[in-house]
Amino acid sequence: MNGLDAAITQYIDPYYLRIMILLGINIILALGLNLITGVTGQLSMGHAGFMSIGAYTSAILSMQFGFSYLMALLAGAMVAAFFGFLIGIPTLRLEGDYLAMVTIGFAEIIRVFFLNFEPGGKAVGLSGIPQHTNFITVWLIALLIIALNTRLLKSRMGRAFYAIRENEIAAASTGIDTTRLKILAFTVGSFLGGLGGGLYSHYMYYINPQDFGFMKSIELLNMVILGGMGSIPGTILGSFILTLAPEMLRIVAEYRLLFYGALLVILMIFRPNGILGDVRIYDLKKRWGRKEVKTCQS
Amino acid sequence: MFWEQLLNGLTLGSTYALIALGYTMVYGIVQLINFAHGEIYMFGAFAGLILVSFFGVNLIVAMLGAMLFCMLLGILVERIAYRPLRGKSSRLSALISAIGVSIFLSTLMALMAGTNTHRYPDVIAHHTFHLGSLDFSLMQILILAVSALLMLGLQFMVQKTRIGKAMRACSQDLDASYLMGINVNRVISFTFAVGSALAAAGGVMVGVYYNAVWPYMGMMAGLKAFAAAVMGGIGSIPGAMIGGLSLGIMEIMGVAYLSSSYKDAIAFGMLILVLLIRPQGLMGQKISKKV
Amino acid sequence: MSVLTLEGISQEFGGLRALDGVNMVVEEGEIFGIIGPNGAGKTTLFNIITGIYIPSEGDLIFKERRINRMTTHNIARLGIGRTFQNIRLFNKLSVLDNVRVGSHGISRSGFFKSLLGLPSMLREEKEIKSRAEELLELVGLYDKKMEYADNLAYGEQRRLEIARALALKPSLLLLDEPAAGMNSGEKVELMKLIEQIRQEMKLTILLVEHDMSLVMNICERIAVLDYGRKIAEGPPEEIKNDERVIQSYLGVGA
């Protein structure tokens with residue numbers, strides 16, 4: 001596999017390779033958040049918190065405890081999942097924006113914790129993390145996650161998650177244990193957040209608490225909403241656009257973020273339900289089908 | 001020591017409260033977390049700075065000028081970024097639009113003013129008063145007095161005036177208010193204007209008090225103020241005041257008696273604790289779900 | 001045999017007594033109607049039966065089992081399905097998915113089974129789908145199975161709610177104003193449908209309705225609520241002629 005990676009490194013410009021690796025990581029992170037917010041409808045604005053838990057846990061485990069890459073990733077994801085489970089519990093009582101505030105607060109607490117965390121190098125951060133993450137590992141994991149996610153959302157459990165988002169009382173009346181499933185969504189979503197974080201720290205070589213601030217959470221949320229809430233292709237598209245946009249906007253140099261902000265506003269005005277929101281393959285087929293009928297008649 | 005910290009907490013808390021009021025009023029009417037509100041506060045601080053530095057006006061005039069400027073800015077933001085989305089999209093897309101505005105405004109200011117911290121010139125005498133063992137500065141008195149005045153004024157406006165009545169009606173039911181002949185768009189613009197003016201006043205006072213103004217000052221202040229609004233019970237005006245004051249006091253006390261390196265964590269930790277005990281916030285009304 | 005027994009059910013909302021000591025016995029296989037003016041507590045009663053509210057006083061017994069403090073989803077799993085007065089569909093899901101979600105309470109495949117796609121899960125999926133399609137056929141929505149639920153017409157949405165409730169294979173079905181907003185043609189269809197599902201699925205049906213002709217036509221027994229109290233109970237003929245019912249509800253015009 002390393003040979004394959006070497007070959008890829010040889011043929012693809014390192015700059016593009018880097019963007020593609022970051023895209024893969026963002027897709028995993030965003031799919032996790034999509035499950036919580038896009039599919040189950042629980043607004044989370046602290047996804048970067050779970051990411052940082054995964055990033056630090058896995059980095060420390062592989063640097064100081066000699067964990068193998070995969071074991072470190074898995075452990076980081078598990079610890080993040082545990083905290084996701086804890087954060088899921090307030091969803092029993094909190095709704096909407098109150099929940100959003102708790103997730104923001106949680107992520108901020110985590111950030112402050114790492115700012116004061118000795119083994120994580122405090123505010124200076126952690127450097128010298130082995131660079132195990134490469135194009136192959138990221139995309140193998142990303143494709144696996146996409147496949148599993150797709151299967152999950154098409155299953156009985158997936159439909160139940162959507163039902164909670166659409167109408168909680170009606171969902172409960174069909175026998176869905178809404179509290180259990182909301183906590184499950186948080187746990188699984190945070191697992192993916194932690195996994196993305198581990199991949200990230202083992203790619204970046206160096207991490208510090210500011211990498212996982214509020215703006216990172218917002219960036220991930222944007223990916224989910226921009227593409228179309230709850231849709232896997234939408235989330236992938238959102239990740240794609242928002243990973244690439246800053247790179248494309250490099251030509252406008254220091255005006256980059258200005259354009260980025262304006263882009264968000266404009267996209268929302270023209271596609272308020274996300275770019276792929278309300279678009280289904282079924283509808284497209286139907287539309288094409290109808291056109292054929294029309295041409296027959298005329 | 002304790003009383004001094006309490007006074008510091010009240011000072012900080014009343015600035016949180018001023019910003020939190022904008023969040024809560026807008027939320028009460030259009031159920032939008034106006035993420036650009038922190039940037040309005042930052043623009044207010046800069047507007048005041050420019051008025052003081054380049055036009056040499058006194059602090060009160062600068063504050064009024066900044067309030068007027070931010071009123072217009074608030075109305076403009078609502079027109080451009082929120083109104084086109086109203087009614088035809090989920091609340092989350094409006095939220096993203098608000099985040100877009102927030103990024104846009106802070107970057108705009110960073111491009112214009114640089115990312116450095118700017119200082120207010122001496123606009124107020126550094127006079128310290130003593131009351132028994134308690135020391136307090138003129139600026140602290142000013143902040144407390146101005147905040148109290150603005151909040152009383154707001155309360156009067158919301159409870160006693162015609163437009164206040166319209167605002168309360170809109171916060172109950174936007175559609176019904178529209179059918180009753182209330183110009184809903186005007187009420188919403190007005191709400192943004194008032195909220196922005198309050199934030200601007202907060203921005204100028206914080207700028208002078210901490211002697212620091214910079215383009216990214218809006219983010220953490222905005223987050224804390226939003227936390228204060230939620231803690232008080234979002235949508236409730238007295239809730240925002242109480243939430244702001246208690247968050248400020250908790251933060252200062254936490255720093256004084258626990259640890260300064262966990263300053264932000266303490267504020268958010270308290271918030272989470274409050275919400276776990278009272279899910280609807282301190283002053284929020286329990287919404288019983290209608291089935 | 002009684003399917004559902006209410007013993008002295010009362011419900012208070014901050015001092016307001018929405019229900020006051022209601023007793024009621026619903027027998028197996030019957031269509032039992034609840035009528036009463038607006039605010040009489042009919043929907044509140046449904047919400048108590050389905051565990052959305054916990055009654056302030058009284059006992060709720062379903063098939064010899066006390067269900068007062070059970071959660072909504074557990075009550076559903078016992079076999080109590082319901083529809084809602086103010087339609088509560090999963091708007092951004094397809095018509096078919098709405099009905100498929102309906103069978104959540106009687107299907108088993110959990111999170112890991114769903115992830116792995118085990119044969120037992122695939123088999124169950126097939127069953128869920130074919131049953132959902134049967135039900136859509138039954139309520140006449142098969143052709144619209146891929147539409148979003150909120151694109152359906154009002155009457156269609158009411159029928160979709162019934163199909164969703166039936167997907168749970170309930171033994172007791174609660175219908176909250178199933179005919180609201182329907183025209184007279186649709187109402188006739190609805191009555192046929194209710195009669196048909198009771199026969200074919202051996203259902204007990206409890207229904208709240210404002211439309212007198214519908215209630216009088218299909219219900220075997222009727223209870224009348226007024227200000228949270230039950231003021232009469234009996235077969236339609238008896239209710240029609242009950243002095244107190246005429247006074248408080250049917251009014252002079254009826």
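**Contacts and folds in the predicted model**

In this predicted model, 34 residues of chain A are in contact with 37 residues of chain B. On the chain A side, the elements that put in two or more residues are helices H5 (96-115), H10 (214-227) and H12 (256-270). H5(A) is the top contributor, giving 11 residues to the face that touches chain B.

Helix H3 (residues 59-82) of chain B and helix H8 (residues 184-210) of chain B have axes that come within 7 Å and cross at roughly 140°. Angles over 145 degrees would count as roughly antiparallel, and H3(B) and H8(B) are therefore oblique to each other. The crossing of H3(B) past H8(B) is right-handed. Where these two helices touch, the residues split into 19 nonpolar, five polar and one charged.

How does the radius of gyration of chain C sit with that of a compact globule? For 254 residues such a globule would come out near 18 Å, and the 19 Å of chain C agrees. Of those 254 residues, 45% count as buried. Among chain C contacts between residues at least 6 apart in sequence, 67% link residues at least 24 apart.

Terms used. Residues are numbered from 1 along each chain as its sequence is written. Chains are lettered from A and ligands numbered from 1 in the order in which they are written. This is a predicted model: local features need pLDDT of at least 70, side-chain atom pairs count only at pLDDT 80 or more; totals for chains, interfaces and linings use all residues. Axes are lines fitted to C-alpha atoms, for helices over the stretch in contact, and angles run from 0 to 180 degrees between N-to-C directions. Helices (H or I, at least four residues) and strands (E, at least two) are DSSP runs, numbered from the N terminus. Angles under 35 degrees count as roughly parallel, over 145 as roughly antiparallel, 65 to 115 as roughly perpendicular and the rest as oblique. A crossing is left-handed if the near helix is turned anticlockwise from the far one by less than a right angle, and right-handed if clockwise. Ala, Val, Leu, Ile, Met, Phe, Trp, Tyr, Cys and Pro count as nonpolar, Asp, Glu, Lys and Arg as charged, and the others, Gly among them, as polar. Two residues are in contact if their C-beta atoms, placed from the backbone, lie within 7 Å. The radius of gyration is taken over C-alpha atoms; the globule rule is 2.2 Å times the number of residues to the power 0.38. A residue is buried if 20 or more other C-beta atoms lie within 10 Å of its own, exposed if 12 or fewer, and partly exposed in between; C-beta atoms are placed from the backbone.
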